[in-house]
Amino acid sequence: MSRPDMSRPDMSRPLRVVLVGYGPVGARFVEELLPSVRGGTVEVTVVGAEDADAYNRVLIAEYAVGHTDRAALTVTDTPAAIDAGVRMLRGARVTAIDTEAHNVTVVVTGATAGLPGTERVEYDRLVLATGSRANIPTLDGIERTARDRPSLLRAGADAIAHDPSLPAGVTVLRDLADAERVRAIVEAGQRLIVLGAGVLGLELALAAAGQGAQVSVVHHGGYPMPRNLDRGGGTVLSDSLREAGIEVIAHSRAESVLLGSPEAIGDDSASNNSGAQRFEALCCADGKIIAGDLLVLSCGVSPRTELATLAGLPTAGGILVDTELRSWGDDDVFAIGDCAHVAARPDDGAAEGVHGAPSGLIGPGWRQAEWLAGRLAGEAVGGTPLPALAAERPAIVMLKAEGIDVVSAGVVDPEPWDREPQNSELAASGDAAHPAARRQVSQWADPEHGRYVKMVTRGGVLEGMVSVGMPRTGAELMLLFERGSELPADRSILLRHDGPDEVSTTVTGELSADETVCWCNAVTVGHIHDAIDDGNTTVACVGSATRAGTGCGGCKGRIAELIDRFSASGDPVAIGV
């Protein structure tokens, strides 16, 4: 159910939009609103905590190990936005929202925002793109900050956009300063300990090991990427990590950090804490003491919701917004990206319970930014409201690492010998006995060579999949999953993509123009074909023309294959319809 659109407060002046947060999602929102800003129908004020231009945090691990430079992280043209009339307050933070008076309190501290001070900025529509922060696990020796409402009320403005100070030699990996700490260790070939075995932690570990650093990955589960892989895929991946030179320490629950003075270890360099003590080792519950030069906490992220909480706006897994991205508590406040928890409001007749928490992926955030910019641009000129934002498809997760190919999507836990309980309604109709009504699992493993595939289907259509060490099979399964296409009756046919007799690439045969190549930016084969036809013959040029490959970067290999194919064909209509 779509809620009625709110009327403009004053159609005689521009719609005043305040954006809190200038990460990649906030930057995309601003970029999409620039035509309205230039046309004088919308005024935009941006408040960003960092002095730096907006950059792609998804690629921060590549920057930390020297695989890319700072310019390659940039996701927007900030000078162009300023020239268009956007007011940029970087190095600033919002400390309070007054929903009754429709204003925010901004504290200016950074050089690019102007002179230090405090001001109130009025808005007609407030957009929160505050993103997420790295989780700090419970470890003796490391400060954790309580963020429940009573604790936030006691701390007040000091709790907003401030993260706890970590001991020297301990870091997360969320911003440029964190990346510089990692880079120093990698360049020196020192010992790096990654606590956590999720996608981002493993990408950092593999990249750092490839640059000559000594790397240990510590996690308390039995296998890495437990949220995305099943036991078979996780076990094969764990073996592949060890073959890549990474020490994998599983079944180890970290309890504390051992700290010593910088003088004791001959290191008095600046770090993220001005205190005297520096990290020496990670201590686990089973007695392991793992020494290292830098501890990277890679234990997931949590939405930055404290500003909304203090303003009395409802939160759960993030700032609660409906399918039009409006706060449950105030129709003039919106949230997008990692801080937004999209769910139907209870008064819309939704079932009890909250679903749709932030995915942590950049693609859904960008689509939210584009949709909301279009909605507000239309509202500014009295246009027809846009349809509600479409629900996201189940996420496809890729591990981006040289020599190790991992992709998963959907439901991955079922095993081949599981027997699914019959649905009572289907059973009454007789359909439950039909093979199409039952979940089927196909599985293939070659642990010796680091290869594993699982396909979970219903009625021949993928509900989930895992592919490790099978790049062409994984690419084919991703396309089948995205399109909802039926798999061949003989599943083993798909394995031949990576067989010794297969010499072609994943883009063999006739291609459909509407096949998605870049999930982050919804770029299709047709878009890339047109860009190549216009003379863009490198991955970077295609990215500039279409945005493909500028999100997580997992599609760059397939873009390169398409460039090779279309450039070699010389045929401007080399794709099917």
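A residue counts as buried when its relative accessible area is under 20%. By that cut-off, 16 of the 19 residues of helix 10 (residues 362–380) are buried in this predicted model, so helix 10 is largely enclosed by the rest of the structure.

**Helix 10**

- Just after helix 10 comes Gly382, which takes a positive phi of about 75°.
- Trp366 has Arg28 lying over its face, at 4.1 Å from the ring centre.

**Strand 14 and its partners**

- Strand 14, which runs over residues 278–284, is mostly covered, with six of its seven residues buried.
- Strand 13 (residues 254–260) pairs with strand 14 in the antiparallel sense over six bridges, and within this pairing Val257 has Leu282 as its bridge partner.
- Strand 15 (residues 289–291) also pairs with strand 14 in the antiparallel sense, over three bridges, and here Leu282 stands opposite Ile290.
- Strands 14 and 15 form a hairpin with four residues between them, and in the turn Gly287 has a positive phi of about 100°.

**Cysteines**

- The structure holds zero disulfides; Cys283 is accordingly in none, and the nearest cysteine sulfur, that of Cys284, is 7.5 Å away, whereas a disulfide is counted when two cysteine sulfur atoms lie within 2.5 Å.
- Cys283 is buried, because its relative accessible area of 16% falls under the 20% cut-off.
- Cys541, with a relative accessibility of 34%, counts as partly exposed.

**Charged side chains and rings**

- Arg183 lies over the face of Tyr63, at 4.5 Å from the ring centre.
- A search of the whole structure for aromatic pairs finds zero.
- Asp51 is placed in the loop between strand 2 (42–48) and helix 2 (60–64), and with a relative accessible area of 37% Asp51 is partly exposed.
- Although Asp51 and Arg90 are 39 residues apart in sequence, their C-alpha atoms are 5.0 Å apart in space.

Conventions: Residues are numbered from 1 along each chain as its sequence is written. This is a predicted model: local features need pLDDT of at least 70, side-chain atom pairs count only at pLDDT 80 or more; totals for chains, interfaces and linings use all residues. Side-chain values use heavy atoms; hydrogens and water are left out. Buried means under 20% relative accessible area, exposed over 50%, partly exposed in between (1.4 Å probe, protein chains only). Helices (H or I, at least four residues) and strands (E, at least two) are DSSP runs, numbered from the N terminus. Two strands pair if DSSP finds at least two bridges between them. Rings of Phe, Tyr and Trp (its six-membered ring) pair if their centres lie within 6.5 Å; planes under 30 degrees apart count as stacked, over 60 as edge-to-face and the rest as tilted. A charge sits over a ring if NZ of Lys or CZ of Arg is within 6 Å of the ring centre and within 35 degrees of the ring normal.
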